[in-house]
Amino acid sequence: MVPIATLTVELVTEELPPKSLKSLGEAFADALATGLRERGFLSESSTATPYATPRRLAVAITEVRTVS
């Protein structure tokens, strides 16, 4: 059995426009999850939760395999 865990990635940025935070956070989460899914690191039930502040974008992705 391949071990699975929750992966959290945080990206520190310069000041982001407040009106764009939600869409930027979602785009970051979607891009990261898509890349991992294409490479076989995510299960069918993995979920990506985006987070965004004016100086950070982050995502927590559940059920990430440690080995593809």
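Two strands are taken to pair if DSSP finds at least two bridges between them, and the strands themselves are DSSP runs of E with at least two residues, just as helices are runs of H or I with at least four, both numbered from the N terminus. The model is a predicted one, in which local features need pLDDT of at least 70 and side-chain atom pairs count only at pLDDT 80 or more, while totals for chains, interfaces and linings use all residues. Residues are numbered from 1 along each chain as its sequence is written, and side-chain values use heavy atoms, with hydrogens and water left out.

On these terms, three strands make up an open sheet in the order 1-3-2, with antiparallel pairing. Strand 1 (4–12) and strand 2 (48–53) are the edge strands, each of which pairs on one side only. From one strand to the next the twist averages 15 degrees, where axes are lines fitted to C-alpha atoms, for helices over the stretch in contact, and angles run from 0 to 180 degrees between N-to-C directions. Strand 2 is joined by six bridges to strand 3 (residues 56–65), the two running antiparallel, and threonine 53 has arginine 56 in strand 3 as its bridge partner. Helix 1 (residues 21–38) packs on this sheet and touches strand 1, strand 2 and strand 3, its direction making about 30 degrees with that of strand 3; contact here means heavy atoms within 4.5 Å.

The whole structure holds two salt bridges, each defined as a side-chain nitrogen of Lys or Arg within 4 Å of a carboxyl oxygen of Asp or Glu. In one, the side chain of arginine 56 meets that of glutamate 10 at 2.6 Å, N to O; because arginine 56 lies in strand 3 and glutamate 10 in strand 1, the pair ties together parts that are 46 residues apart in sequence. The side chains of glutamate 15 and arginine 55 also meet in a salt bridge, at 3.0 Å, N to O. Glutamate 15 belongs to the loop between strand 1 and helix 1 and arginine 55 to the loop between strand 2 and strand 3, so this pair links parts that are 40 residues apart in sequence.

Serine 43 is placed in the loop between helix 1 and strand 2 and is buried, with a relative accessible area of 15%, buried meaning under 20%, exposed over 50% and partly exposed in between (1.4 Å probe, protein chains only). Not counting residues up to four places away in sequence, serine 43 touches Arg37, Glu63 and Arg65.
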